[in-house]
Amino acid sequence: LHATWNALVKSGSEKSLDAAMIALGAGVIALVFLPFLPLPHPDAWPFILISAFFQFAYFQLVAAAYRAGDIGLVYPLMRGVAPVLVAATSGVLIGETLTTGALAGVLTISTGVLTLAFEARKGGKRAILLALANAVVIASYTFVDGIGARLALNPISYTLWMALLPPVLLFAWAFSQRGFAPVLFHVRHQWWRGLIGGAGSIGSYGLALWAMTKAPVATVAALRETSILFAIVISIVFLKERVSLFRIAAACLIALGALLLKLA
């Protein structure tokens, strides 16, 4: 689900607007189901608000990174570094300690990320920097939402409420930068991209947040990055990107590290 909606952003002609459309699609889907779910516990509302601003930064960086580089480079970096950051800081921030096996997983992911550094020699430095910046954002909202979903007492309700504010922020920014007419024109012609991508976005993240209420945040954050392998397949088969051996090796190492973290 996650790799698919990222591919929709990468394949679009207006990546910033397409990212906003994904967020809008997720918000529309959330509105359909919210009446049938209880409200999150009051303790979770500050986390929902903070998460919205992290999500705004996330979607903006997703679009910028895909303008700068291929999905086969950007996606593994964004998704591969984030669980390393979560695993490295979870002990201090939320009191979850890592086993020896989990540390092995972190080192394996780190090796995969370092493998991607070879791509910098081929003009991918800007894409790499944007992807790494987004990894920090991803790690930040992972902690925020991992805690918020637990406090909400209903992770699905938390996910749906969390999906409402980011599209408001993203489209307010788009209107201020581009004007109303171009943005509305894009929405009218690309609504299907937003709806399909939004379903993938809210579905994948809702499943992850539910899992975080049942298992340590660091292991869930790592395991979901096996989506990197799907992103590589999509980049080769559908987007016709040229994928180097470094990218393939890095993706495999990152996915292996994620599995080691889960097995630990």
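What follows is a chat about a predicted model of one chain.

Colleague: What is the chain built from, helices or strands?

Modeller: Helices. The chain has 12 helices and zero strands. Read from the N terminus, the elements run α-α-α-α-α-α-α-α-α-α-α-α. Keep in mind that this is a predicted model.

Colleague: And how compact is the chain?

Modeller: It is as compact as a globular protein of its length, because the radius of gyration is 18 Å and the globule rule gives 18 Å for 264 residues.

Colleague: What box do the C-alpha atoms fill?

Modeller: Roughly 45 × 40 × 25 Å, along the principal axes.

Colleague: How many of the residues are buried?

Modeller: Of the 264 residues, 53% are buried.

Colleague: What about contacts between residues at least 24 apart?

Modeller: Take the contacts between residues at least 6 apart in sequence. Of those, 87% join residues at least 24 apart.

Colleague: Which domain does UniProt list?

Modeller: The UniProt entry, which is unreviewed, gives "domain: EamA" for residues 126–261. In the model, that stretch is 86% helix and 0% strand. Its end C-alpha atoms lie 29 Å apart.

Colleague: Which residues lie nearest the centre of the largest pocket?

Modeller: Ser 204, Leu 207, Ala 208, Leu 223 and Arg 224. Elements giving two or more of them are α1 (2–11), α9 (180–212), α10 (217–223) and α11 (227–237). The largest share is from α9, with four residues.

Colleague: How does the lining of the largest pocket split by class?

Modeller: Into 10 nonpolar, five polar and four charged residues.

Colleague: And the second largest pocket, what is its volume?

Modeller: About 150 Å³. The elements that supply two or more lining residues there are α2 (15–33), α3 (45–68) and α8 (165–178). Here α8 gives the largest share, five residues.

Colleague: Which residues line the second largest pocket?

Modeller: Ser 16, Leu 17, Ala 20, Gln 60, Arg 67, Leu 170, Trp 173, Ala 174, Gln 177 and Arg 178. By class, five are nonpolar, three polar and two charged.

Colleague: How many cavities of 30 Å³ or more are there?

Modeller: One. The lining has 18 residues, with Gln 55, Phe 59, Met 162, Ser 201 and Tyr 205 closest to the centre.

Colleague: Which elements give two or more residues to that cavity lining?

Modeller: α1, α2, α3, α7 (155–162), α8 and α9. The largest share is four residues, from α9.

Colleague: How do the residues of that cavity lining divide?

Modeller: 12 are nonpolar, five polar and one charged.

Colleague: Last topic, Val 243. Where is its place?

Modeller: In the loop between α11 and α12 (245–263).

Colleague: What is Val 243 in contact with, leaving aside neighbours within four places in sequence?

Modeller: Ser 235, Ile 236 and Ile 248.

Colleague: And how many residues apart are Val 243 and Ile 71 in sequence?

Modeller: They are 172 residues apart in sequence. In space they are 9.8 Å apart, C-alpha to C-alpha.

Key. Residues numbered from 1 in each chain as written. Predicted model: local features only at pLDDT ≥ 70, side-chain atom pairs only at ≥ 80, totals over all residues. Heavy atoms only, no water. 1 Å grid on protein atoms, 1.4 Å probe; cavity = no way out; pocket = protein on both sides within 12 Å on 5 of 7 lines; lining within 4 Å. Nonpolar A, V, L, I, M, F, W, Y, C, P; charged D, E, K, R; others polar. Points joined across faces, edges and corners; volume = space filled by probe spheres on them. UniProt positions renumbered as here; feature names shortened; annotations may be inferred. Rg over C-alpha atoms; globule rule 2.2 N^0.38 Å. Buried < 20%, exposed > 50% of the residue type's maximum accessible area, 1.4 Å probe, protein only. Contact = heavy atoms within 4.5 Å.
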